[in-house]
Amino acid sequence: MLKTVILIGGPMKGTRFRPLSLEIPKPLFPVAGFSIIYHHIEACSKIPGMKEVILMGFYQPNDALTKFINMAQKEFKLQVRYLQEYTALGTAGGLYHFRDQILAGNPDYFFVMNADVCGDFPLQDMLDQHKASPASICCTILCTEATRQQSLNYGCVVDNRDTHEVLHYVEKPETFVSTAINCGIYLLSPRVFEPLQQIFQKNLQENYNSVAGLYDEPVYSGCFDPSTPSKEMIRLEQEIFIPLANSGKLYAYHTDRFWSQIKSSGAAIYANRHYLAIYRDSHPERLAKNGKEQPTIRDDVFIHPTAQVHPTAVLGPNVTIGKHAIIGEGVRVRESIVLEGATLQDHCCILYSVIGWNSTVGTWTRVEGTPNDPNPNKPFAKIETTSTFTSEGKLNPSITVIGSNVTVPSEVVILNSIVLPDKALSGSYKNQIIL
């Protein structure tokens, strides 16, 4: 029996995804027509013996999350539930805190997936290798290749390429270690809770000693210093993987399939492109087709059945049109995501942009952003996570994001800009954040 834990974080995370994460939790943002974590659960549902998916984070329960869980249970015939951490507990603190829930039913193994990654997840291949590994194994890490320079931004893995045992692990090293990087997808055996318990006890003792040293009088259980990290905060990568390396308990599975982080709205456009490409083999029925009295479709395009698209519109490549969106006459959309309820009026042009929920773009208006794609001349290059501003305080060129309930007037140009929700623009903007 198998389970999956998806780490969805909380409202303090995903700040680089704003303003899109102001409306719904970032893991529920739709990419290629479906929530980011929908793609995770869909991949899990294809594994024989998968019985339960646990979403774990510190979001307050909300209608969007509840609605998503109900939908996922019905569609994938899996038990899906949410376990709320009382505070941010790190990538492994929640696993230990809810260990009884995870181990209920005696699963043979369980996957742990970070919600801010996307890809063509090779979960069955990971499982097969994990089962074939020595009985002492605690964890298999999914790895992929990166450039030497970009590898410094990830956890780096050095493994025996014959046995796949991890010999050395470093989280975001200062100097080059390996081009094999951690993808944030793990397969764990229940015995991983043994080192987790040891780390928890160690942190508990250190936390007690550090707090007790601040007081002249004894510290009682009711004392609480909010600046002190939770004693249950455990970082899987730093506190578990590093000591497990070269012990016969940590292994790596290497993939050359598509994988990327989704740290920013620009990465969402990039992920949208690749998930649409995956649909060609996995779900060709999701891709729009050219036909009589139908809009012109160029390459991979997803159109929700409830959207209204004028036959003279030209969509693609790599476009997603959400629920109840209205696409007018002569509209051109390329490399963009149009969210639920948005209206694109006649002859507007949308390039490398996200158009927010229930927003309107006027006639003959051009909304355009700058893609942040990996360098095509460097093998294994990943999308760069750039800062919002340059060192001179100027806005870095990026995709254009129109927040929810925004009205963009006719015959203007919005270029490389971010528009927060509930705005009525009055003119053209370039390289600006409109608050």
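Let us start with charge: the protein carries 38 positive and 42 negative side chains, and the centres of the two sets lie 3 Å apart. Here Lys and Arg count as positive and Asp and Glu as negative, while His and the chain ends are not counted. Each charge is placed at NZ of Lys, CZ of Arg, CG of Asp or CD of Glu.

A word on what you are looking at: this is a predicted model, in which local features need pLDDT of at least 70, side-chain atom pairs count only at pLDDT 80 or more, and totals for chains, interfaces and linings use all residues. Residues are numbered from 1 along each chain as its sequence is written, and side-chain values use heavy atoms, leaving out hydrogens and water.

Now for the overall form. Of the 435 residues, 53% count as buried, meaning under 20% relative accessible area with a 1.4 Å probe, protein chains only.

The secondary structure comes to eight helices and 32 strands, which are DSSP runs (H or I, at least four residues, for helices; E, at least two, for strands) numbered from the N terminus. Seven of the strands form an open parallel sheet, in the order β14-β17-β20-β23-β26-β29-β31. At its edges, β14 (296-297) and β31 (429-430) each pair on one side only; two strands pair if DSSP finds at least two bridges between them.

Within this sheet, look at β20 (residues 332-334) and β23 (residues 349-351), which run parallel and are joined by three bridges. One of the partners to find is I350 in β23, bridged to V333.

Key
Buried < 20%, exposed > 50% of the residue type's maximum accessible area, 1.4 Å probe, protein only.
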